[in-house]
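Me: I would like to learn how to read the features of a protein model one at a time, with the general idea set out before each case. Could we begin with the chain as a whole and then move to single places?

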Number of protein chains: 2
Amino acid sequence: MSGERIFVGLETSFSHDLPATLDKVYEDKMSGVVAPLFHPRFKRDDHGVSDTRDGPQSRSDLVMDSRGWTSSVVGGISKWINLDAGCLRARLAAEKAFKQEVAWASHLSVPAVLLPTPRHHTNSSNYARILNQSVTQAQYLQFWIRIPLTYHLGTGAPKLPVGGPGLQHNEEVSLDDDSGTSPWEAWSALRAKCEYNPKIHVALEITADLPSSKKLKRWLGEPVRVRLFFILLRSSDGDMLILCFVSTMHCRSQAVLIPTSIFLTNRKGYPTLSQRHQKFFAELFRFNIQYYFSGRPRHRGSFLPYVQYMHFLYGKKDGMDAKALFEAPYLDYLQAPLQPLMDNLESQTYETFEQDAFKYNQYEKAITKALQQTPEDKESVVMVVGAGRGPLVRCALRAAMLADRKTRMFAVEKNPNAVITLRNLKISERWDNVTIIASDMRHWKTNEKADIMVSELLGSFGDNELSPECLDGAQAFLHENGISIPCAYTSYAAPIMSSKLWNEVKVHESLKSFETPYVVRLHNMYTIAESKAVFTFTHPKFNQRIDNRRYEEISFHAQESAVVHGFAGYFDAVLFDDVTLSINPATHSDGMFSWFPIFFPLRDPVSVSKDEEIKMQFWRLSTNNRVWYEWALSTDDGKHQMPIHNPNGRSYWIGL
Amino acid sequence: MSGERIFVGLETSFSHDLPATLDKVYEDKMSGVVAPLFHPRFKRDDHGVSDTRDGPQSRSDLVMDSRGWTSSVVGGISKWINLDAGCLRARLAAEKAFKQEVAWASHLSVPAVLLPTPRHHTNSSNYARILNQSVTQAQYLQFWIRIPLTYHLGTGAPKLPVGGPGLQHNEEVSLDDDSGTSPWEAWSALRAKCEYNPKIHVALEITADLPSSKKLKRWLGEPVRVRLFFILLRSSDGDMLILCFVSTMHCRSQAVLIPTSIFLTNRKGYPTLSQRHQKFFAELFRFNIQYYFSGRPRHRGSFLPYVQYMHFLYGKKDGMDAKALFEAPYLDYLQAPLQPLMDNLESQTYETFEQDAFKYNQYEKAITKALQQTPEDKESVVMVVGAGRGPLVRCALRAAMLADRKTRMFAVEKNPNAVITLRNLKISERWDNVTIIASDMRHWKTNEKADIMVSELLGSFGDNELSPECLDGAQAFLHENGISIPCAYTSYAAPIMSSKLWNEVKVHESLKSFETPYVVRLHNMYTIAESKAVFTFTHPKFNQRIDNRRYEEISFHAQESAVVHGFAGYFDAVLFDDVTLSINPATHSDGMFSWFPIFFPLRDPVSVSKDEEIKMQFWRLSTNNRVWYEWALSTDDGKHQMPIHNPNGRSYWIGL
């Protein structure tokens with residue numbers, strides 16, 4: 001990502017010679033334009049279109065080839081179109097003009113259209129209805145809604161174009177941030193009416209005045225269009241082509257509009273931005289967004305200094321470390337959680353996870369500490385249960401060296417393919433004190449008792465890969481004073497807004513998909529309230545009734561008004577003593593990449609107000625051969641009562 | 001494609017040091033190996049797997065990283081495994097060993113496994129059952145079945161490995177091409193039992209003796225795995241990434257095995273192949289296939305001369321002309337037919353079709369001829385109905401120049417977006433004698449009468465874009481002696497075998513998908529019988545009852561035993577006099593690329609014997625607002641009676 005540049009373009013007025021406009025834009029090192037599709041003076045009669053006249057209604061599509069249109073132009077929809085005009089005739093004319101412009105945009109294959117700011121923050125019903133129709137009709141077109149960060153544009157009064165050719169009523173509109181409805185609420189109402197359609201994006205207009213940091217942050221949970229990228233690997237002779245999912249998610253379809261009027265002037269006379277603006281841009285740079293300047297250049301008579309300033313700001317962005325590079329292809333990419341108990345992992349999967357140096361260093365530390373507590377002359381029995389291809393065996397061997405203790409080890413593994421690797425390693429790495437046991441830890445019969453039992457059976461939500469059940473079974477061969485590494489783990493959850501993830505789930509259009517949790521590197525989301533602990537498990541559990549079913553209700557308070565699309569799940573674990581692992585945001589282990597968060601979706605998004613109480617109910621349930629979660633949400637006022645998701649594990653369960 | 005090289009590899013015996021083997025293979029300019037997954041001397045007990053022993057059962061997966069396995073190794077399944085052994089115990093042991101090897105292959109993420117030739121040509125039921133189970137379990141693994149071109153391997157007797165460690169009965173198998181069951185029939189029976197699963201491919205072993213050319217050709221309709229390729233386009237600043245569907249379909253997963261024993265020696269002592277072999281390879285080179293040598297090098301002590309010979313043969317392949325380049329991304333790619341009457345075409349679509357020089361040259365010729373038949377001093381009225389962005393207007397203007405006739409022209413177009421282009425062109429290209437009419441040709445009211453009415457409304461199956469209905473409507477403004485260009489068109493159909501296309505249809509797992517015709521550039525298919533004419537339409541139809549409904553039953557005779565997966569559809573048209581267009585294979589217009597064939601699938605594939613009669617029933621039906629086809633197949637003996645597809649147009653229709 002570092003070294004890459006951002007897309008910077010320009011919002012222009014109508015020009016007949018678009019290629020000439022583009023040439024000028026390229027001269028100033030910009031890459032494209034938002035340009036009106038029709039000339040603002042092109043008068044249309046009350047039917048919106050004049051079919052009988054012999055003159056063309058816009059410039060020809062032939063001024064550029066279709067690749068030119070697709071790669072460089074976003075179509076601006078006429079600002080005079082008032083879809084919520086009070087007069088029926090004006091409204092119908094506006095609708096016809098709007099649809100004609102959208103049809104022309106589709107015809108040209110431009111990637112997106114920029115739509116005017118909805119005039120009425122709470123009453124844009126016709127705008128929403130016509131947008132919703134257009135969005136479901138246009139197959140490839142994206143729709144960008146122009147939304148200012150605040151309605152106070154610098155000097156105070158809202159500057160929205162009012163009226164238009166066919167408009168009879170010149171309505172005064174009052175869009176006030178203090179009235180309780182912010183631009184975010186206007187946007188949120190519009191897209192909720194359009195069922196969170198993923199083709200609708202916000203084109204955020206940066207204003208000179210900025211709202212509070214919390215309100216700014218909320219925009220980062222808003223939909224940015226994401227594309228999957230693939231690269232082609234070529235073998236040595238250039239012939240064997242392999243399709244690989246590789247690059248980061250690109251979401252160029254979200255746009256930010258930057259009026260030149262918000263820029264300050266530095267001592268040398270060049271444009272610069274306030275510290276708060278700079279900080280907000282640093283957040284925006286985490287996403288792949290197109291930036292368009294609007295207005296006239298106020299510094300040095302050209303846009304070039306503005307473009308250079310944007311690249312300069314972007315250049316200050318942190319480079320990607322190993323973890324970020326590893327994660328880049330997975331941002332917001334939903335995966336089914338592993339079922340390592342039911343399925344055997346593949347060589348590739350082992351290979352990936354074995355590379356997490358932080359995790360295995362922690363295990364090595366934990367085992368070392370545990371061994372150091374044993375008498376110096378004692379030969380300890382160390383059992384690695386679920387040894388895979390041996391990374392924990394190596395940790396244990398290193399720990400025995402560090403602690404300077406004699407050990408006998410057992411590596412228990414049920415996957416016959418991993419056993420082939422272990423047996424080869426025993427020979428090649430001279431694991432003379434290691435016995436390899438090809439068996440499921442729950443069924444192995446032995447008279448040996450372990451002093452230390454080491455396992456790595458945790459999932460993104462802690463217990464979701466059935467570590468509790470496996471270790472309960474394996475404690476049969478743990479010495480009564482024996483130690484389990486890990487000895488405890490806790491799951492965490494937080495309500496989140498992410499219309500992007502919710503839409504990814506919706507793609508499947510099935511109940512099942514909404515009742516399944518997903519492992520996902522959360523990216524384009526907003527945390528409505530900080531995560532809280534859900535379930536805790538400890539090992540071993542001698543002399544206790546063993547029951548791994550659980551129920552918790554957890555209350556959250558919304559930091560800002562928002563839409564709950566589901567819950568993010570995390571975990572932390574105590575390996576031994578003070579040696580821990582965590583993917584809970586508040587305490588995330590530095591550089592550890594073995595686990596992404598888990599996402600529990602909600603069937604229907606729930607709007608909550610600022611400070612409203614959100615109650616999450618969470619169950620862990622089981623039968624003889626499966627374990628599953630059920631979840632639900634209610635609000636304190638009782639208005640929202642989500643149906644309980646996944647009853648009886650009908651959609652998702654983990655096999656024992 | 002030209003300049004590209006083919007994938008050449010080697011079938012090797014078991015080696016513990018696979019990287020060393022690969023290094024040697026790379027030295028000889030080969031790219032990968034088919035290598036046994038387990039050592040042939042690795043003895044397994046009757047349960048197939050010995051879980052209690054402490055030694056590894058195969059080389060470790062760690063000898064290479066997973067990328068190495070995935071890119072360079074195909075796993076050979078042990079040849080001794082006899083899944084159809086007569087003795088139950090031997091059969092169960094064989095099954096266990098087979099599944100263990102397939103599991104190991106999945107674990108390693110090798111792209112494919114090579115399976116031994118089925119022992120019994122008609123009685124490989126257990127082979128099929130276990131293959132069918134494995135194929136549905138293994139998510140990514142491909143299965144290659146080794147099938148020799150003929151059972152007579154050079155000197156006569158079938159040389160198939162018989163018996164194995166756990167095998168009690170040493171069965172003699174008689175696999176004789178003359179007995180009526182050829183290797184193709186053995187293969188066809190196996191994959192039919194596995195429901196034509198697209199993960200099952202044939203690994204064709206070339207033999208010194210070759211079967212007849214017709215039988216060789218049939219292999220070209222067999223499943224080759226296809227991958228879609230995408231490329232990334234970068235805009236000038238390298239930031240705007242566009243995902244484009246571009247490259248040819250790759251089907252590297254089909255393999256051909258080439259025993260070195262089939263090579264002849266040329267005068268200089270180098271390996272060469274017989275003329276018939278060379279001809280067959282030229283056919284194979286049209287597909288992207290992996291080639292593996294087997295056996296020992298018999299010339300110059302190295303495989304290099306064989307590899308060089310293969311590249312030399314491949315180099316003789318024709319380069320791709322403009323048409324082939326255009327078509328490459330679309331080979332075997334199913335598309336829904338256009339509905340230009342209901343939907344408006346996009347700028348891009350017009351742009352593509354306007355580039356077909358052959359087609360517009362023919363139109364120009366036809367219009368010129370028609371004008372030349374008019375008196376020299378007559379001003380002719382030429383109407384282009386469905387003018388799009390004007391290519392036929394340009395043809396007509398050029399034709400008027402060539403014929404030296406005065407004309408008045410009308411360009412009738414219903415798409416308002418295309419009308420914008422036409423109106424711009426009228427100004428920029430000075431079409432002073434052209435009037436642009438923004439209207440549907442079926443509803444335009446005028447007193448003008450055309451002497452020549454020109455249209456391009458034909459679809460892949462001739463009438464399937466409703467040219468008959470449109471021109472019947474438009475003939476209201478055609479002079480009673482007027483000429484329609486085109487004046488006639490005929491559809492054609494042929495039964496084809498293509499388990500690849502059938503599987504592409506099956507992906508959707510819906511009745512609808514099997515009752516829809518697809519526009520597709522047929523590639524990996526075998527024509528079972530030459531195409532025959534189906535429906536003919538002529539224009540104008542003055543003084544006739546107009547009824548465009550049709551019914552035909554057409555008989556075909558199978559050239560070889562084969563499986564009918566559906567019908568290929570084509571058309572030809574008479575523009576005027578002797579000026580024609582055709583996509584019917586027998587008369588295909590040189591270099592014309594505007595139309596791909598159409599494919600009518602069958603819900604269930606139908607096996608037919610050589611010379612068997614195949615009857616195809618075909619209907620064209622209509623109501624006030626739609627037109628559709630229904631189709632069915634029966635065999636002469638009455639054994640096969642396909643249900644009639646698409647009754648009442650329930651799955652597919654064309655809107656009027």
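Reply: Of the 656 residues in chain A, 59% are buried, where buried stands for a relative accessible area under 20%, exposed for over 50% and partly exposed for what lies in between, with a 1.4 Å probe and protein chains only. This is a predicted model, in which local features need pLDDT of at least 70 and side-chain atom pairs count only at pLDDT 80 or more, whereas totals for chains, interfaces and linings use all residues. Residues are numbered from 1 along each chain as its sequence is written, chains are lettered from A and ligands numbered from 1 in the order in which they are written, and side-chain values use heavy atoms, with hydrogens and water left out.

Me: What do the surface and the contacts of chain A come to?

Reply: The accessible surface of chain A is about 26,700 Å², and 49% of that belongs to carbon and sulfur atoms; such areas come from the Shrake-Rupley method with a 1.4 Å probe, and for residues only the protein chains shown count as cover. Among the contacts in chain A with a separation of 6 or more, 79% join residues 24 or more positions apart, a contact being heavy atoms within 4.5 Å. Chain A has 16 helices and 28 strands, which are DSSP runs numbered from the N terminus (helices: H or I, at least four residues; strands: E, at least two).

Me: How many disulfides are there over all chains?

Reply: A disulfide is a covalent bond between the sulfur atoms of two cysteines. With the rule that a pair of cysteine sulfur atoms must lie within 2.5 Å, the count over all chains is zero. For Cys395(A), the nearest cysteine sulfur is that of Cys487(A), 17 Å away, and Cys487(A) in turn has the sulfur of Cys395(A) as its nearest, at 17 Å. Cys395(A) counts as buried because its relative accessibility is 0%, whereas Cys487(A) is partly exposed, since its relative accessible area is 22%.

Me: At what angle do helix H13 of chain A and helix H3 of chain B pack?

Reply: Two packed helices are described by the angle between their axes and the distance between the axes. Here H13 (residues 416–428) of chain A and H3 (residues 88–108) of chain B pack at about 75 degrees, with their axes 9 Å apart; the axes are lines fitted to C-alpha atoms, for helices over the stretch in contact, and the angles run from 0 to 180 degrees between N-to-C directions. H13(A) and H3(B) are therefore roughly perpendicular to each other, the classes being roughly parallel under 35 degrees, roughly antiparallel over 145, roughly perpendicular from 65 to 115 and oblique for the rest. Asn417(A), Ala418(A), Ile420(A) and Thr421(A) of H13(A) make the contact with Ala103(B), Trp104(B) and His107(B) of H3(B). By class, this contact of H13(A) with H3(B) has four nonpolar, three polar and no charged residues, where Ala, Val, Leu, Ile, Met, Phe, Trp, Tyr, Cys and Pro count as nonpolar, Asp, Glu, Lys and Arg as charged, and the others, Gly among them, as polar.

Me: And which residues make the contact between H3(A) and H13(B)?

Reply: The axes of H3 (residues 88–108) of chain A and H13 (residues 416–428) of chain B come within 9 Å and cross at roughly 75 degrees. On the H3(A) side the contact is made by Ala103(A), Trp104(A) and His107(A), and on the H13(B) side by Asn417(B), Ala418(B), Ile420(B) and Thr421(B).

Me: Now for the backbone: where does Pro486(A) lie, and what is the phi of Arg300(B)?

Reply: Most residues other than glycine have a negative phi, and most peptide bonds are trans. The peptide bond from Ile485(A) to Pro486(A) is cis, with omega near 5 degrees, and Pro486(A) is found in the loop between strand S17 (478–485) and strand S18 (488–497) of chain A. In chain B, the bond from Ile485(B) to Pro486(B) is cis, with omega near 5 degrees. Arg300(B), which is not a glycine, has a positive phi of about 60 degrees; Arg300(B) lies in the loop between strand S12 (290–294) and helix H8 (304–315) of chain B, and counts as exposed because its relative accessible area is 54%.
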